[in-house]
Amino acid sequence: MKMAGAEKRKTGQRKRRLAVARRPVYSVGCGFDAHRLVAGRPLVLGGVTIPFDRGLEGHSDADVLIHALCDAILGAIGAGDIGRHFPDTDPQYKGISSVVLLEQVAALARDGGWKIVNADVTVILQRPKIAPHIPAMIERLGAALGADVALSIKGKTTEGMGFTGTGEGVAAMAVALAMRP
Ligand SMILES: [Zn+2]
């Protein structure tokens, strides 16, 4: 049977619509965080305690790297931000390891049908050097996120400028890519 012109066009449109619906969705998110460096606290970055004379101040362990990463993932999956999920007024998050928060964010992504493809984090601080600790951080974060997530962590100074340069605080920025097959 021969299809009439209009019929053929309709079939073509239907096929195109199906192809669009089946296409995987990619979504990127960015995150930023900053915490004050103070005496009498351990310095925890990327789930790793780094020997230093000061540490980050905050309600949880103040792991600025993980907080920026959580916000990037939450942004990519359209789920708000870390403050909404883990309010710093909630006593259950006092002193908590931020790795636990990252695990919860990863579970939220999984439940929403998302796969985290990769994440790239830059930590901005003058001292101490974080490079020797990056392999341990990647291992720790990989265990929380799933080993198939490609992770990259970089340390950067601001050449003595601004609050990170003077050692008043540490900042971190992150980007994450999520995919829904
Ligand atoms: Zn934070």
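Helices here are DSSP runs of H or I with at least four residues, strands are E runs of at least two, and both are numbered from the N terminus.

I noted that this is a predicted model, in which local features need pLDDT of at least 70 and side-chain atom pairs count only at pLDDT 80 or more, while totals for chains, interfaces and linings use all residues. Residues are numbered from 1 along each chain as its sequence is written.

Next I looked up the burial of helix 4, where a residue is buried if 20 or more other C-beta atoms (placed from the backbone) lie within 10 Å of its own, exposed if 12 or fewer, and partly exposed in between. Ser98, Val99, Leu101, Leu102, Val105 and Ala109 are buried in helix 4. Seen down the helix axis, these buried residues fall within an arc of 155 degrees, taken from the directions from the axis to the C-beta atoms, so they line one face of helix 4. On the other side of helix 4, I found Ala107 and Asp111 exposed.

I then checked what covers the buried residues of helix 4, and the list includes helix 2, helix 3 (82-85), strand 5, helix 5 and strand 7.

Leaving out residues up to four places away in sequence, Leu69 touches Gly31, Leu102, Ala119, Val121, Ala174 and Ala176.

Note on methods
Contact = placed C-beta atoms within 7 Å.
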